[in-house]
Amino acid sequence: MTTNKKSNRSKNNSHDLLILPVKNIVIFPNVIFPLTLDNPEMIELVNEALIKRDNIGIFTEIDRRDKISQIFKVGTSAAILKMFHMPDNSIRLLVQGVNRVRIREMIQKAPYIIAQIQPLSTRIKDPIYCEAQVRYLKSILKKISANSQAIPADFYQTISSQRNVEKFADSLAANLEISVREQQQLLEEELLDKRLDILSEILNREWKIVEISGEIQQRVNSQVNKTQREFILREQLKAIKQELGEEGDEEEEDWEAEIEDLRKQIKNSKMPPEVEEVALKELERMDEMSPIAAEYTITRTYIDWLISLPWSNETKDNMDLENAKKILDEDHYGLNDVKDRILEFLAIRKLKKHSKGPILCFAGPPGVGKTSLGRSIARAMGRKFVRFSVGGIRDEAEIRGHRRTYIGALPGRIIQMIKEAGTANPVFMLDEIDKIGSDFRGDPASALLEALDPQQNRDFVDHYLDVKFDLSRVMFITTCNVLYNMPAALLDRMEVIELPGYITEEKIQIAKQYLIPRQVDENGLKKSQVKFRLDSISHIISHYTDEAGVRNLERELARICRKVARGFAEGRGQPQRISPENVPSYLGPPKTFQERAGIQDEIGISTGLAWTQAGGEILFIESTFMKGGKNLTLTGQLGEVMRESAQAALSYIRAQAEKFGIDPEFFQKNDVHIHVPSGSVPKDGPSAGVSIATSLFSLLSNRPVRFDVAMTGEISLRGRILPVGGIKEKVLAARRAGINTVVLPRRNEKDLLEVPEKIRNKMTFQLVDKLSEVFEYAIRKNNRKIQGKATRKISRKKETRRPRVITG
């Protein structure tokens, strides 16, 4: 052959060649193949070959170790056509095999292999035999390509046009899905006749596999056709027997009995007439289907859902208002607004049986008892209780269900929970509704609009059921931590009842009446084995918890009970009396440190009030100045609104400098720095405007701020005091910090009614309209001595007086 003669003339002598070991692949002559290399030594080898403009020897490894003894002796000399540098410092090569070569002697092993190689020539014993083998191989390839994906049609078209026998054999060997050992055997075979024999054996084996696979597929299809044929014959036989008046066989009787049983269940489920009509229509469709049809199972599941729903099954409300009030008081301390609302609902139901259920929204910080209150309401009313947490839901189908066209479709969670309750009028709690989300799958909050609207939810339609279900009898209760995250349209449909944080006195009573008895019982103790003094409970609240609710308080009480229980279990236990002194022995050192009011008046430091999800807190506003040039520095991780309040306060004082006796040139020569401690905690909101302005005025007038006065309120550039929110929480925070005098915007006077009367009677509230009134009240006169601890003692002696509301 021409190619072989040329090869013999050009490569009849041994020569040195760079050796590239590869894994799990065999490169054949005349075949283009991509390679990826990340080994630095192999990359260096390729670079060396490119510099020398020489080929490389590609040899297949026997195992993973890069040693000459671990690669086959016969490989392929290949030319590097292209090289690409990849972002991960690897390289990608495009190589083309040139001819077979054998290693004669190792020249170098490191950093890469160099060996003396000898070219191998392809020999032909019988050209006519080889030509016959090629034609036979092409015929087998044609059959495999026509009946299997093992040989793609485009590859068959390409290789069938190849006239060179050696190139045909190498190309076929490189593209067959065979083992590396078989490919290496074909590469090492120098006699072309023998090489074609090996390929013939491989293709015959492949064709046998294709034939067997076809027989298997034919048997499967035959079985399916047989099943379909049997079904058709069975239907024909059924029709013939009906004509002859004969009874069907046992299987047909069971099938008919099942259909009849479903029909009876539909009649007994007391569905609305329009829903019953839909169910019976689906049942008729199901009766005409084959039980093996996919649609049969879908229809059966749909009918089962319609039958299982409590269309008319209701629990009878307990109309005994005294008993309901007793149950609510047993389960929860305080929360009078909520309890009154429930009793009002029961009173209306007692007078009008078919009144619509309210949509209540309990809003408050974590741990105040929102979820458990829902259970108590259900118990007081004698209704079933179901709960569904919507926090984190982003798919509208979770609320309204999937349409039946989808595989595995189910009703939404509302219908599922109604089925779980087994009644049409349960107390249904949608927990964490402020944490609901939305994405490309829809907006679950919008899907809730219909369910939570008393005017619309009697005709609620789930996508799966596709029939109306009356939700007006359900008492929906939602819970949230904050209201500002909720869509306005959804919030408008609910009656919001805020559950603010508990004050210390309320937490003590909750612990005494509910938490301690529960933890004593859950930890296997008796009441006589552990007793808590009231001051120890107060100590735990103030030094080991920082919350508006009582969840962490119960955890700490549980820790104490567990340690006491362990002592009794180990046989060394004695009845324990928990006091403030021995609390650290159970709980360790204090975890929280509440801010307390200062002990003396100071210049440039005012006491502000802040609202948080955990209740209220006091915060200190500190101001100072230094030589500079009209700069205002704000620190303490303040938000944009709080920064603007500081700018407004400074602008107001600068504009009124002469009125307040402040040197106007002061601002031209000095920088002002305002800092709010607890710098790791983000702070924002307009209510710190009054305390910032007071701190600045104290600094610039060199007059101290009263340490026993806390303040809150938004300010304007004209010095007006604007109302703010969270008054109850802020007043309680001041009280906890030992401050009994609070400066409030006059328009917040109405909010003082939310403060417990017991607290109001111990405090003084200064209502103001302008900043000048705040300065007059909260800033000491220059000729007045700064009061220290004596002032606090005087304030505490007056705690029994009626509340004072100073209006100007």
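**Figure 1. A close-up of Thr712 and its surroundings.** Not counting residues up to four places away in sequence, Thr712 touches Leu609, Ser687, Val690, Val724, Ile727, Lys730, Val743, Leu744 and Pro745; touching, or contact, means heavy atoms within 4.5 Å. Everything here comes from a predicted model, where local features need a pLDDT of at least 70, side-chain atom pairs count only at pLDDT 80 or more, and totals for chains, interfaces and linings use all residues. Residues are numbered from 1 along each chain as its sequence is written, and side-chain values use heavy atoms, with hydrogens and water left out. Thr712 is found in the loop between β20 (709-711) and β21 (714-715). Helices (H or I, at least four residues) and strands (E, at least two) are DSSP runs, numbered from the N terminus. Is Thr712 buried or exposed? Thr712 counts as buried because its relative accessibility is 1%; buried means under 20% relative accessible area, exposed over 50%, and partly exposed in between (1.4 Å probe, protein chains only). Its side chain makes a polar contact of 3.1 Å with the side chain of Lys730. A polar atom of that Thr712 side chain also lies 3.4 Å from the backbone oxygen of Ser687. A polar contact is a pair of N or O atoms within 3.5 Å; within protein, one must be able to donate a hydrogen and the other to accept it, and residues adjacent in sequence count only if both atoms are side-chain atoms.

**Figure 2. Here's Tyr586, a residue in helix α21 (residues 583-587).** With 11% relative accessibility, Tyr586 counts as buried. Which residues does Tyr586 contact, leaving aside its neighbours within four places in sequence? They are Arg559, Ile560, Lys563, Val564, Gln576 and Ile578. With Gln576 there's a side-chain to side-chain polar contact of 2.9 Å. Val564 is 22 residues from Tyr586 along the chain, and their C-alpha atoms are separated by 8.9 Å.

**Figure 3. Now for the nonpolar cores.** A nonpolar core is a set of buried Ala, Val, Leu, Ile, Met, Phe, Trp, Tyr and Cys residues joined through side-chain atoms within 4.5 Å. The largest one has 52 residues, and those with the most contacts inside it are Leu306, Phe428, Leu448, Leu452 and Leu471. Helix α10 (residues 294-308) supplies the largest share of this core, six residues. Apart from that core lies another, of 49 residues, with Leu346, Val550, Val564 and Ile578 among them. In soluble globular proteins, nonpolar side chains tend to be buried together. Zoom in on Leu452 and you'll find that it touches Ile359, Leu430, Ile433, Phe476, Thr478, Leu490, Arg493 and Met494, if you skip residues up to four places away in sequence.

**Figure 4. Five strands line up as an open, parallel sheet.** What is the order of the strands? Reading across, you get β8-β9-β12-β7-β13. β8 (385-389) and β13 (495-498) stand at the edges with a single partner strand each, so one side of each has no neighbour in the sheet. On average, neighbouring strands of this sheet are turned by 20° against each other, direction ignored; axes are lines fitted to C-alpha atoms, for helices over the stretch in contact, and angles run from 0 to 180 degrees between N-to-C directions. β7 (residues 359-363) pairs with β13 in the parallel sense over four bridges, and two strands pair if DSSP finds at least two bridges between them. Cys361 has Val496 in β13 as its bridge partner.

Figure 5. Most residues other than glycine have a negative phi, and most peptide bonds are trans. Ala110 and Pro111, though, are joined by a cis peptide bond with omega about -5°, and Pro111 sits in the loop between β5 (91-108) and β6 (113-119). Asp466 isn't glycine, yet has a positive phi, near 60°. You'll find Asp466 in the loop between β10 (460-461) and β11 (468-469), exposed with a relative accessible area of 51%. Gln637 also has a positive phi, near 55°, and lies in the loop between β18 (632-635) and α22 (640-655). At 42% relative accessibility, Gln637 counts as partly exposed.

**Figure 6. Where to be careful with the model.** The protein chain averages a pLDDT of 83, with 88% of the residues scoring at least 70; pLDDT is the predictor's confidence in each residue, from 0 to 100. Over residues 1-12, pLDDT stays under 50. Residues 783-803 also have a pLDDT below 50. Where pLDDT is low, the predicted coordinates should not be read in detail.
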